4 protein chains.
Amino acid sequence: MTSLKNEPATGFDHPEHQAKLAALYRDFDAAGVTPLWRTREDLMPPHPRPRAVPHLWRWAELYPLAARSAELVPVGRGGERRAIGLGNPGLPGDPYATPTLWAAIQYLAPRESAPEHRHTQSAFRFVLEGEGVWTVVDGDPVAMRRGDLLLTPGWHFHGHRCVSDAPMAWLDGLDIPLVATIDQGFFEFGPDELRDTSTPDRSRSERLWGGPGLVPVSAAGAPRPASPLMAYRWAHTDGALSAQLELDAEGQPGVVEPGHAAVRFTNPTTGGDALTTMRTEMHRLRAGTGTTPARTTASSVWQVFDGGGTVTLDGDSLLLTRGDVFAVPSWCELALHADTSLDLFTFSDAPVVEKLSLLRTVSSG
Amino acid sequence: MTSLKNEPATGFDHPEHQAKLAALYRDFDAAGVTPLWRTREDLMPPHPRPRAVPHLWRWAELYPLAARSAELVPVGRGGERRAIGLGNPGLPGDPYATPTLWAAIQYLAPRESAPEHRHTQSAFRFVLEGEGVWTVVDGDPVAMRRGDLLLTPGWHFHGHRCVSDAPMAWLDGLDIPLVATIDQGFFEFGPDELRDTSTPDRSRSERLWGGPGLVPVSAAGAPRPASPLMAYRWAHTDGALSAQLELDAEGQPGVVEPGHAAVRFTNPTTGGDALTTMRTEMHRLRAGTGTTPARTTASSVWQVFDGGGTVTLDGDSLLLTRGDVFAVPSWCELALHADTSLDLFTFSDAPVVEKLSLLRTVSSG
Amino acid sequence: MTSLKNEPATGFDHPEHQAKLAALYRDFDAAGVTPLWRTREDLMPPHPRPRAVPHLWRWAELYPLAARSAELVPVGRGGERRAIGLGNPGLPGDPYATPTLWAAIQYLAPRESAPEHRHTQSAFRFVLEGEGVWTVVDGDPVAMRRGDLLLTPGWHFHGHRCVSDAPMAWLDGLDIPLVATIDQGFFEFGPDELRDTSTPDRSRSERLWGGPGLVPVSAAGAPRPASPLMAYRWAHTDGALSAQLELDAEGQPGVVEPGHAAVRFTNPTTGGDALTTMRTEMHRLRAGTGTTPARTTASSVWQVFDGGGTVTLDGDSLLLTRGDVFAVPSWCELALHADTSLDLFTFSDAPVVEKLSLLRTVSSG
Amino acid sequence: MTSLKNEPATGFDHPEHQAKLAALYRDFDAAGVTPLWRTREDLMPPHPRPRAVPHLWRWAELYPLAARSAELVPVGRGGERRAIGLGNPGLPGDPYATPTLWAAIQYLAPRESAPEHRHTQSAFRFVLEGEGVWTVVDGDPVAMRRGDLLLTPGWHFHGHRCVSDAPMAWLDGLDIPLVATIDQGFFEFGPDELRDTSTPDRSRSERLWGGPGLVPVSAAGAPRPASPLMAYRWAHTDGALSAQLELDAEGQPGVVEPGHAAVRFTNPTTGGDALTTMRTEMHRLRAGTGTTPARTTASSVWQVFDGGGTVTLDGDSLLLTRGDVFAVPSWCELALHADTSLDLFTFSDAPVVEKLSLLRTVSSG
């Protein structure tokens with residue numbers, strides 16, 4: 001902030017004037033005030049200049065770190081979760097994937113539990129592989145299996161329990177950075193033991209809200225800020241993506257662009273995003289196809305669910321393999337290419353940006 | 001409107017005054033104007049006094065009439081549909097079930113088709129029994145089978161085709177009376193032959209919109225006035241109702257009241273009613289239970305889908321058997337009792353009344 | 001409904017077939033059902049075919065009738081109001097201006113009062129001339145003067161009181177026909193005497209809600225179905241219309257079309273229409289200009305507030321003079337021409353039609 | 001973030017285990033990942049723990065600094081504005097009043113202009129004293145005078161011009177910190193010279209949108225994200241506040257609490273906040289009264305417009321004099337006391353927090 005590059009040409013380079021100016025700036029500092037004319041370009045750049053950078057984390061590196069943690073650190077009250085946050089190199093000091101999004105790998109060892117708590121931060125789990133864990137959301141046990149998206153909207157109590165002999169790891173997404181920045185965080189401990197240890201195939205939430213277009217009359221006509229459906233199952237997601245590509249092949253509309261299917265996870269009481277602060281979507285690219293390069297002011301995180309290909313971020317290409325996670329800052333140009341059929345899960349802060357009427361997207365197509 | 005019951009006491013019963021008054025009223029008539037003081041109570045009653053009356057039509061009577069029609073009258077351009085409208089006895093001259101709702105039994109003989117047309121009136125089909133008919137909505141063939149609800153939102157082209165060797169009949173619901181009253185009807189003929197005669201198990205609409213909470217990204221963020229999902233399948237409806245009753249038995253919330261499950265068919269892009277002008281719901285009563293008597297200012301039509309019981313409308317009870325249809329005018333007290341497990345489909349003008357901030361409901365419970 | 005024009009060609013003109021058909025239709029009648037194929041075109045016309053007709057009532061005829069009423073009929077409990085409803089000749093039997101709108105001239109003699117009541121019907125008063133009456137809305141006395149629009153949203157108690165030595169007449173607009181048709185009317189008597197007989201220049205409603213863009217924090221963030229501002233004063237309306245025409249003359253946007261200014265009366269808590277079921281607007285045409293002929297599916301009523309000109313309704317032209325009232329049915333082509341500067345007040349059912357996603361408008365321009 | 005306070009008790013204090021753990025943490029660092037169990041309490045505190053602190057800036061100190069700047073630094077392209085941002089001592093390095101809000105004193109010398117530009121950041125000016133400046137918003141010159149609130153919604157071109165022989169200073173409010181944090185800033189230079197140098201008493205925006213409840217029909221029915229009314233004049237604000245206190249004295253509702261009047265500046269097309277990201281309000285306390293202490297999760301900035309009193313922020317009291325500005329972080333307890341009649345302008349990030357369903361407010365009353 002000491003750059004003088006925005007300093008207006010004063011026409012007064014007389015030493016006396018310079019001395020007065022220096023004195024003024026000292027008095028500014030003493031008063032804790034800052035002249036816009038010396039900081040304008042930093043504060044108000046011509047387009048977004050994120051500190052966050054495009055970055056990719058390899059699942060092959062993350063998973064062993066998580067597994068080693070399980071040997072050395074138990075899950076318990078206080079630490080609460082064996083979750084390892086992915087820190088964007090452009091945001092040193094904070095374990096934030098982007099300025100608004102937290103992404104972590106969470107790991108439960110066989111027969112382990114994580115105690116209940118709740119917080120105003122919204123959260124979800126996306127399962128890359130495995131099964132045998134139930135997340136208990138406000139007392140409702142929700143099975144977690146490969147490909148499922150599980151929600152924990154803000155201020156819902158939740159804990160996790162692994163009933164399997166195998167460990168399980170998954171991707172956690174939260175709006176921790178956003179909520180921290182705007183000072184909206186509340187947190188409360190719940191019981192150490194989960195309040196319902198049953199392991200139903202289908203949660204109560206799904207039994208009530210899981211029918212397409214069907215809403216319980218007892219709850220109808222009352223929009224909720226977040227989805228009351230806590231699980232979006234892989235079988236449905238996979239079916240919807242396949243259907244879009246089949247329709248594409250039949251010459252029917254539905255895909256985002258040729259060879260590129262995508263579904264958004266929504267709140268059935270409003271049709272809007274499933275969570276108030278994060279957009280969640282699953283994308284599928286047909287082998288051999290690519291997306292049109294595009295920029296958007298929302299920042300996002302992506303995880304490769306299946307298949308292989310390439311991501312190009314502001315011109316730099318990276319190979320993608322199963323489980324890899326990458327961060328896309330605001331206004332970074334993103335293009336995806338599929339070598340095989342390529343499935344990617346993504347989440348972003350688009351609902352925040354949209355609600356503030358700030359979202360911009362441009363495509364090179 | 002000739003009643004003098006609202007005539008203010010004039011204190012002037014002098015013949016001269018009476019003569020002047022009579023002259024004034026003659027001049028009112030000549031000018032085509034009407035004094036409120038002679039009509040106020042009719043125009044503005046203390047509570048709704050519908051001309052429509054509670055009424056029940058027996059499926060056992062309706063179906064044979066429809067079948068006889070098929071022997072005598074073909075389906076074709078001009079008449080358009082072999083649909084027989086249920087006329088409320090309180091609304092003579094108009095084949096209207098209530099002042100806002102049209103209900104009809106429609107019948108297609110084996111191998112018959114009904115030509116395409118579109119209209120601003122919203123429509124749905126609810127299937128009591130049978131299969132083998134496809135309704136083609138904007139070129140998308142949608143299978144019709146027992147228990148399914150099929151939509152035709154306003155201004156969508158649609159025709160029907162029976163590919164079976166058996167006839168098929170179903171309940172049609174439209175907002176014809178409402179649209180007629182407020183003069184909003186447009187109608188346009190489409191092709192005589194259906195534009196797609198394929199018979200897919202699943203319509204394109206369902207392939208795109210039939211996943212719970214899943215929305216195509218290509219269409220996301222753009223609320224539509226009516227549902228883009230054209231079929232609500234019985235398997236899902238039945239499952240949701242069963243789930244509610246099971247949750248009820250487990251002591252969990254979800255039902256409307258003990259033993260009374262109900263789902264509303266909604267528009268996944270908004271969470272609101274599937275159609276702009278009609279609410280559609282399916283109710284299930286556990287054998288031996290009844291609903292709390294209640295009045296609402298929405299008018300409705302109900303059809304017994306399965307089971308037997310009793311409906312009580314403003315104190316008069318009627319036995320219900322499969323297929324029976326009954327109309328419930330505004331502010332008529334309704335109570336249902338199930339002898340066996342009882343499933344009822346219902347539609348009403350509640351979305352209209354709600355959007356105008358006029359809906360009132362009172363329960364005796 | 002007995003027309004056979006939609007009767008499909010049966011190909012069976014054999015007497016036996018005709019006899020069977022006649023029997024079927026007799027059985028339909030007995031069962032109270034009606035075949036769509038004999039009524040389709042009446043029920044579902046190609047475009048709106050209102051029974052209501054374009055019609056104009058002369059103020060010069062209406063006012064004397066109202067004045068004569070005042071000599072012969074007191075205002076009191078039961079009749080409630082000395083209001084004379086304008087009956088559309090196309091809607092015989094009902095004193096309705098259009099199928100959804102009631103328009104009446106209301107008249108209070110010097111020192112007279114009309115007792116308090118409330119109803120679910122929405123109402124407004126528009127004042128052509130005079131002053132000296134206060135309408136008391138939920139206990140808040142609201143002065144009525146030439147050019148003012150005064151609201152009585154549904155279910156607000158209201159009565160009127162003339163404190164002047166001169167009588168006063170105004171235009172009443174209500175949604176009585178709509179509310180009657182859909183059976184939503186509730187009515188309740190209030191006190192015979194007005195609960196507040198003060199005569200403030202400015203109502204409490206205006207003191208709280210009358211600042212442009214200013215909302216009391218105590219009520220902010222809570223949208224209301226109807227406007228909390230009960231009076232829209234002529235000085236503001238006139239000023240806004242003048243400003244639009246001045247901007248037009250300066251080459252700046254704002255008018256509807258060249259020479260045609262118009263303001264809508266809105267609900268400051270939502271920006272939508274001031275009343276839930278009726279749109280209210282004031283239009284001003286510069287002398288010598290005309291509007292582009294246009295049709296809309298909303299029906300409307302207009303009153304000439306000032307000036308003279310011509311209205312053309314489906315091709316028939318009528319001279320307009322101050323106070324004249326005319327009804328425009330759905331889909332009737334309307335064009336206005338101003339001989340002098342011409343001010344017109346109008347109300348319509350557009351909010352109803354819009355909320356049902358049925359509004360269509362086409363312009364010949 | 002190096003605190004171990006959340007480290008779960010491992011039960012393994014064996015040196016070998018500690019060595020493994022240290023190795024794991026080194027590998028975490030190398031991989032750029034961070035364990036939640038070591039950071040959870042910092043990331044997810046039990047309630048908001050803002051870095052920003054309650055702080056007050058004295059007008060008597062700010063104004064001379066601004067005036068000295070005018071002698072030493074011209075206003076021109078690049079620096080753009082002679083605005084001096086108030087930096088919260090809890091947010092060192094950034095000239096931010098709160099984590100989301102920028103507050104600055106802006107100063108124009110006699111006959112000076114500031115060139116046109118636009119940015120996605122929303123802005124307003126609130127005028128403590130003086131007159132003679134016009135802000136030109138998208139080509140529309142808007143006069144600025146004591147007590148007025150002037151808007152510059154995002155992406156509207158704007159420049160300022162002083163036509164007076166006296167300088168003028170005012171409070172600028174922007175969402176610069178929020179937009180910076182979430183990387184949504186775009187900025188574009190406009191002409192160096194203002195495109196309209198006229199000095200009308202009333203802007204075109206006010207002429208079109210300044211009537212209470214009156215909306216141009218040409219723009220009706222199209223909600224805008226921000227207010228189209230660019231000026232909220234002191235005469236209206238003052239009148240509305242006075243009216244609330246008078247109503248309070250009459251025993252009528254309207255005030256926030258006894259003796260405490262407040263109006264919110266709103267967008268007439270929606271009834272919501274005038275700007276998308278900032279709430280703006282004016283408060284008036286009757287002499288001798290105080291507000292109930294309350295906390296809210298929105299952060300805010302206040303300026304004393306008139307009168308004197310005390311503000312108590314988390315228990316610390318500060319004397320208030322005309323022009324003083326203070327910042328209230330999230331969840332800081334705020335109480336105001338008026339020695340004389342006390343007027344305060346305030347802005348906050350409440351619309352952001354509300355749209356994300358995160359706003360919490362608790363009152364000690």
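This is a predicted model: local features need pLDDT of at least 70, side-chain atom pairs count only at pLDDT 80 or more; totals for chains, interfaces and linings use all residues.
A note on conventions before going on. Residues are numbered from 1 along each chain as its sequence is written, and chains are lettered from A and ligands numbered from 1 in the order in which they are written. Local features need pLDDT of at least 70 and side-chain atom pairs count only at pLDDT 80 or more, while totals for chains, interfaces and linings use all residues; side-chain values use heavy atoms, with hydrogens and water left out.

**Chain A overall**

I looked up the extent of chain A, and its C-alpha trace spans about 80 × 55 × 45 Å along the principal axes. I found seven helices and 24 strands in chain A; these are DSSP runs, numbered from the N terminus, of at least four residues for helices (H or I) and at least two for strands (E). Of its 365 residues, 63% are buried (under 20% relative accessible area; exposed is over 50%, partly exposed in between; 1.4 Å probe, protein chains only).

**A sheet from chains A and D**

Which strands make up the open sheet that includes E1(D)? I read the order as E14(A)-E9(A)-E6(A)-E11(A)-E4(A)-E3(A)-E1(D), seven strands with antiparallel pairing. Strand E14 (231–232) of chain A and strand E1 (33–35) of chain D are at the edges with a single partner strand each, so one side of each has no neighbour in the sheet. Two strands pair if DSSP finds at least two bridges between them.

I then checked E3 (residues 83–86) and E4 (residues 102–108) of chain A: three bridges join them, antiparallel, and A:Ile84 has A:Ile105 as its bridge partner. Helix H1 (residues 15–31) of chain D lies across E3 of chain A and E1 of chain D, at about 140° to E1(D). Contact means heavy atoms within 4.5 Å; axes are lines fitted to C-alpha atoms, for helices over the stretch in contact, and angles run from 0 to 180 degrees between N-to-C directions.

**A sheet from chains B and C**

I next read the order E14(B)-E9(B)-E6(B)-E11(B)-E4(B)-E3(B)-E1(C), an open sheet of seven strands with antiparallel pairing. E14(B) pairs with strand E9 (residues 149–152) of chain B over two bridges, and B:Leu150 stands opposite B:Ala231. Helix H1 (residues 15–31) of chain C packs on this sheet, touching E3 of chain B and E1 of chain C.

**Strands covered on both faces**

In a regular strand, side chains alternate between the two faces of the sheet. Is strand E3 (residues 83–86) of chain C covered on one face or both? Both: C:Ala83 and C:Gly85 on one side, and C:Ile84 and C:Leu86 on the other, are all buried. C:Gly85 is the bridge partner of B:Thr34, and in E4(C) the partner of C:Gly85 is C:Ala104.

I saw this again in strand E6 (residues 123–126) of chain D, with D:Ala123 and D:Arg125 buried on one side and D:Phe124 and D:Phe126 on the other. D:Arg125 stands opposite D:Leu150 in E9(D), and D:Ala123 opposite D:Leu174 in E11(D).
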